[in-house]
Amino acid sequence: MSDHITLQIARYRPEQESEPTFNEYEVPYTKESAVLDGLNYVKDRLDGTLVYRWSCRMGICGSCGMSVNGEPKLTCATFLADYAPGPVRVEPLRNFPIIRDLIVDIGDFMRKLVRVKPWIVREVDKPLSEGEYRQTPEQLDEYKQFSMCINCMLCYSACPIYGLDPKFIGPAAIALAQRYNLDNRDEGAGDRMEVLSEYDGIWGCTFVGECTKVCPKHVDPAGAIQRYKLTAALESMKSFFAPRGA
Amino acid sequence: MIRRHPEPLLWMLFSAGGVVSAMLMPVLVLLFGLAYPLGWLTPPASDRVRALVANPLAAIVLFSLIVLSLFHWAHRFRHTLYDGLQIKHLSEVIAVVSYGAAIVGSAVAAYLLWQLS
């Protein structure tokens, strides 16, 4: 037996309208139906022109982030039954330019992400014949939490600082930088420091903490940023008192 | 190479100020702002309080507490104006007013503590 709920979906078709508008659709739901299932129902049965991003529908790919009743959510992990009797308002992620309907332009985030080099940086790679880089469980625990980030950008959507100043490098990029900084196989902390210690790096953050609240993977970007502020501040004091990096 | 800007230093003062003021301010305000003036507790004799403040160690603790709390306030006030009122374009004026007030307050505190010593 299934009930119905109303989805109010933001539509923006640049060739047709200059501002986003809302269309209402009635969709069936059970207690297992995610908001994404509702969108797929609309796309398959009611209005094939609706566009949105999704892929894995199990909280791994990070592509189905949208505003659900004003809050940034992964729509595959947000259930319609929790919003009964509705209506449920589905909008594109805030703080990003809208391309069409529920799709936002993520170019800014992608450009920021590569700036922090979110990969293992080695001065010299050891030859394959010497085997793998070994790591103890304790060394893994140092960064594991930050490695859970799926680049869904909910934290950018929730961050009021990013909303006011898009130059801010943002929560996920800093958390991912820390994921590699805290990895004992990595040697790129110095490169990342150059980017992160800029005014638009960590210092833009005023510790509002919304990023951590909305993170669907419990990454705690706000904690990563505060921790890195201390690292960067101590480093900057050191370079002030010993400018040659003694 | 890390480009120099004062943000790390200001953040350290903010951070230290947050810690010491959270630990020490409430009890001082409770004692000297409420409990003694409202007669909940019998205040210590004024010459004893003056003697305590005259001790260089007590003066240093009080001075650090006041200076760090002021810089904590200045940093918070500056960012509140930037983001709360969204007047970041006035950043230089705001920084001068905020940290300037903290510096003036610190100087007044130093003068008063010097007078009492």
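This report walks through a sheet, a helix, an arginine and some cysteines in a predicted model.

## The sheet

Let's start with the strands. Chain A has an open sheet of five strands, and reading across it the order is S2-S1-S5-S3-S4, with mixed pairing. S2 and S4 (71-74) sit at the edges, each pairing on one side only. From one strand to the next, the twist averages 35 degrees.

S1 covers residues 3-11 of chain A, and seven of its nine residues are buried, so the strand is largely enclosed by the rest of the structure.

Which strands does S1(A) pair with? One is S2 (residues 21-29) of chain A, joined to S1(A) by nine bridges and running antiparallel to it. To find that pairing on screen, look for A:Gln8, which stands opposite A:Glu24 in S2(A). The other is S5 (residues 88-91) of chain A, where three bridges make the link and the strands run parallel. Here the pair to look for is A:Leu7, opposite A:Val88 in S5(A).

## A helix across the strands

Helix H1 takes up residues 35-46 of chain A and lies across S1, S2, S3 (65-68) and S5 of that chain. Relative to S2(A), H1 runs at about 100 degrees.

## Arg179 in helix H6

A:Arg179 belongs to helix H6, residues 171-181 of chain A. Is A:Arg179 buried or exposed? Its relative accessible area is 11%, and because the cut-off for buried is under 20%, A:Arg179 counts as buried.

What does the side chain of A:Arg179 make a polar contact with? The partner is the side chain of A:Asp183, at 3.0 Å. Setting aside neighbours within four places in sequence, A:Arg179 is also in contact with A:Tyr143, A:Phe146, A:Ser147 and A:Arg185.

## The cysteines

With a relative accessibility of 8%, A:Cys211 counts as buried.

Note on methods
Residues numbered from 1 in each chain as written. Chains lettered and ligands numbered in written order. Predicted model: local features only at pLDDT ≥ 70, side-chain atom pairs only at ≥ 80, totals over all residues. Heavy atoms only, no water. Helix = DSSP H or I, 4+ residues; strand = E, 2+ residues; numbered from the N terminus. Buried < 20%, exposed > 50% of the residue type's maximum accessible area, 1.4 Å probe, protein only. Polar contact = N/O pair within 3.5 Å; in protein donor to acceptor, adjacent residues only side chain to side chain. Contact = heavy atoms within 4.5 Å. Pairing = 2+ DSSP bridges. Axes fitted to C-alpha atoms, helices over the stretch in contact; angles between N-to-C directions.
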